[in-house]
Structures are given as structure tokens and as C-alpha cells.
Amino acid sequence: MYQEHYDEDEVRAEEVELPTVYAGDNYVEDDLEFNDGNAAEFVHPEVQIPDVVRNFIQHFHRNVSERNVWDLHAIYENGWNKLTEKFYPKASWPEPEAVAQLVNDDAVFLILYKELYYRHIYSKLTPSIDDRIASYSNYCDLFNYILNSSTEPSDLELPNQWLWDIIDEFIYQFQSFCIYRSKVKTKNEIEIELLKERPDVWNVHNVLNVLYSLIQKSRINEQLLVSKNGGDMQEAAGEFGSRPLYRLLGYFSIIGLLRVHCLLGDYVLALKTMENVELNKKGLFARVTACHVTTYYYVGFAYMMMRRYSDAIKAFAHILLFVSRTKQYHTRSYQFEAISKKSEQMYALMAMCVAISPQRIDENVHSIMREKYGDHSIRLQKGEEGISTFEELFNFACPKFISPVPPDYEIAVNASHEPTRHQQKVFMSEVRTQLLVPTIRSFLKLYTTLEADKLAAFLDIPVEEVRTELLVFKHKTRQRRYENGSVLEGEFGPTTDLDFYLKKDLIYIAESKQGRRVGDWFIRHINKFEDIVSNMERR
């Protein structure tokens, strides 16, 4: 289904894009070990900026102005994070108004600086409602600057990682705001009035409009379609789509839409947005590790919620194998913790999918899953006893679902968990309908023919229910499976290695050659065991 082999040199060059040491006139990466001393000066009332931070900002501004992407990559991944750890681990970076004096009021740079400034507040501090609104306004300024160039494209150039993080953070802050506003009980009157006055802030239609506009402006779907048919992407790119800024923002917006539609619970539309992205080939998503992981997480989750467990397992196994093989490179990335957490969630999701639809997976991935969730996997196969384990793993591994509409502010009720409860209810209703499927499969694999009443005794259910459970087995072990083309497409087929039919309360079982050999072995030993027991009873 998916690409399984990775070239180590390609991983180093494209997947991780390791930052390089750079040097500017006044700022050198190695100078980050410095004295707190008296190196500070006033550049704005009540704001002190250390010399090394001031020099860094000016160096940052100079590279943005000169469109020096390679140095910007090192500044973004290395310099910013090291200075954050040294000076601002529990405080915000200097106010944008204070920084404006250092960069000659460069409007474009200040928009980019604010994007990092508010992202840092979301990451390390607790954003206030004013921060949330200001960050939204800044994203509007950024996307208006990029999209409103009707005659010619902007010449702005940014590293691939930053472009992905812009889309990723934009959606994260939208998700965070939806959860924040739904906690009505914790709001004071001022906050509630402000929320009522600004229904446009982080409005779902505005967020979707931005993502669709970036896709349309870049003509990325047209480019991917041409590439899919063996053509050259540049032929369909147009003036805007030929620029890396627009092409990558458009492409990352496709992944962003996949995520947003999953958060809203529309899994068909989520996969529909990916119709021109070929997962069985190395795509642009592979240029940024976090994007690569995000893509497969949401594709796999959408498959799982659509009862396409076989495709979900393949998606999770593919990316988890990649992460395990390239782990030594991820540790150098500032997003290492986020990638690790997402991997933990995917192992939990895969454990549930394998429990529902057993199948072979890569031995390395299987051994790690067994190590992390071995006890959970055993409990998942215990019928009704495993329901609580399914709920536990789902709550841990699922996305934080959101409601697209504001709550009723007149009712002081926290509804932030309602979307997740609803999605859990949908998933658990599907799990409950097929609790006996793995158990029935384990018994059928032992026989070539089996009486219905004997199976009823094994399952401890009335004989009348056996026929129903066998029909459920037939239905649940047939799934749509992806082969090629759009990720939404696929052919229906069995996901188990055996088939059967019922005639006059006698079940006839047909297996693959390998399955039949294993079954015959079990039957011989069971017959021997029955002979021994009967002999003991006669004695």
C-alpha cells in the first residue's frame, strides 16, 4: 500500500533538514553561551532587550529581507529556540512594538515576528483572550499579504519547516480557541461579552476559507493531478504556483484540511481533500518530518472511524516503521517531543485496530506495540471486559475534537468534551457490534466443519443467536481496501484468511493453504486430547 523502503541519505537531507551553524556580523550560533551581565539597553519604555537578543533580531531581519532561506532555516530551528530556553522559558519575547524600532518598522518582518511571538505564548504560557484575538488578527494580516497579491506573487521566501509550522499552528490555535470558548462556566462577564462581540474570531468558515484560498492560489491540486498522470507539475503551476512559498503553503493546506475535517468528524471529506496526494509515492509531505507524521496519523484515524481497519493499520505501521528507523535524527529536532507523543497515540490506535481486525504487521512495529500495549491488547480481546480498555485508549489517542459553532453563552455549562464524547460513542457502538468476531475467528480456524450448537456452546450464547453472529462476522470482515488512486477509493474484500458457509446448521470452513495447515495441526492435537480425556473417563 505504502512505500516501505527509505534511503538514509534522503532521510538526512529531506526529512529532518538538520540545521547548520551560521554566522552573521553580530550574531554567531556558538555565542549562545553568554553572560547575563549588563548586556541590555532600553529600546522601548519599560522593555529591556539583552544585546544578544537585539543582535539576533537584527540578524534575523536582515536574512528575511535578503531572502536568505538557508540561514533562515538555522535561525528558525536553532537560534530562536536556544534564545527562548536561555531568556524566555517562562516569559514572552519582547513586545512587537519594542522590536519595531530595531527593524525600521518593517511590516512583513513584524508579521513574521508576531507569528513566532504568539506561538511562544501558546507553547510556554497561558494565552489570554486578547492574545488569542491578536494572534488571529496577525494570521489574517499574514495570509492577506500572501493572497491579496493579484498581479504578481510575493517574493517572500521561508524555510519548508516554518511554512508547515505556520499552517500547523494556525489550525492548532483555531482548535484551542474552539475548546476555550466552549468552557463557558470558567468565563467572566467581560470575556463572554468580548466573545459575543467578535464571532468572526477563529470562525470555522474563515479558517476553511484561508486553507481553500491557499490551495486555489497555488493551483496545487492541478499540479498534483498532472504529476499523478506522469506530467510535469510546472506545466500547471502558473505564476503563483511556481513559487515555493505558494506551492508549499498550498500543499500543506491540503494536509491542514485533512486535519480540520477530522477534528469536525467529517472523515469522508477529510480523505476527499487528499484525492490528488499519492501516499504510495514520496510526496512533498515527506520534506518535513512533522508533516509526514501528521499526514499518516489523520489518514489512519479517518480510516479507523470509517471501519477500514486494514487500511488504518497499514497507514499507522508505515509511519511508525519510518519513525523507528530514523529516530536518531528526530532527537535533534525541536519537534521531537511532539513526534514521540503522536507515535505513542498511533501505537494505541493500531492496537485497537489489530484487536478488531487481526492481521500481520511488520515485526519491528509489532514488537514495539507489544512492549507498549501488550497488556492492553490482551484486555481488548476479552469481549465486554475489554470495553473500558477501548474507551481508555480512544480517549488517549484520538484528536481533540471541536464544535464548529459557538456555545450558548447564557447557559453556564462546559461543553468542551462533548465532541470527543460523541465521537467515542460512535466508535464504541461499532466496537460493540463486533465483540465476538475475533473469538468466532479463533474457533473457526480450528475446524473444517463445525456444528452450530457446538459453536454456541463455545461462545456461551443460545443456538438461535449463532446465525446472527455469523452474519455479523461475514459483514465485519469485509472492508474497503486501498490499492491505488485516491485514498478514499478501494475495493471491498475479505480481511480474514478464512471463509465459511452455513448449511443445515453445519458450518463449512474454507481457509488459505497456510491457514488450513495450521488448522489441521490443531484438529489433530485436539482429537488426541479428546481421546485422552475419554479414556480417562472410562477408567
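**Reading a helix pair**

Q: Which handedness does the crossing of H7 and H9 have?

A: A crossing is left-handed if the near helix is turned anticlockwise from the far one by less than a right angle, and right-handed if clockwise; the crossing of H7 and H9 is left-handed. This is a predicted model, in which local features need pLDDT of at least 70 and side-chain atom pairs count only at pLDDT 80 or more, while totals for chains, interfaces and linings use all residues. Residues are numbered from 1 along each chain as its sequence is written, and side-chain values use heavy atoms, with hydrogens and water left out.

Q: At what angle do the axes of H7 and H9 cross?

A: Axes are lines fitted to C-alpha atoms, for helices over the stretch in contact, with angles from 0 to 180 degrees between N-to-C directions. The axes of H7 (residues 160–182) and H9 (residues 204–218) cross at roughly 165° and come within 11 Å, helices being DSSP runs of H or I with at least four residues, numbered from the N terminus. H7 and H9 are therefore roughly antiparallel (over 145 degrees).

Q: Which residues of H7 and H9 meet?

A: With contact meaning heavy atoms within 4.5 Å, Ile 167, Phe 170, Ile 171 and Phe 174 in H7 meet Val 204, Val 207, Val 210, Leu 211 and Leu 214 in H9. The residues of this contact divide into nine nonpolar, no polar and no charged, where Ala, Val, Leu, Ile, Met, Phe, Trp, Tyr, Cys and Pro count as nonpolar, Asp, Glu, Lys and Arg as charged, and the others, Gly among them, as polar.

Q: Where does Thr 439 lie?

A: Thr 439 lies in helix H21 (residues 437–444), and its C-alpha atom is separated by 9.3 Å from that of Phe 458, 19 residues apart along the chain.

Conventions: Helices (H or I, at least four residues) and strands (E, at least two) are DSSP runs, numbered from the N terminus. Angles under 35 degrees count as roughly parallel, over 145 as roughly antiparallel, 65 to 115 as roughly perpendicular and the rest as oblique.
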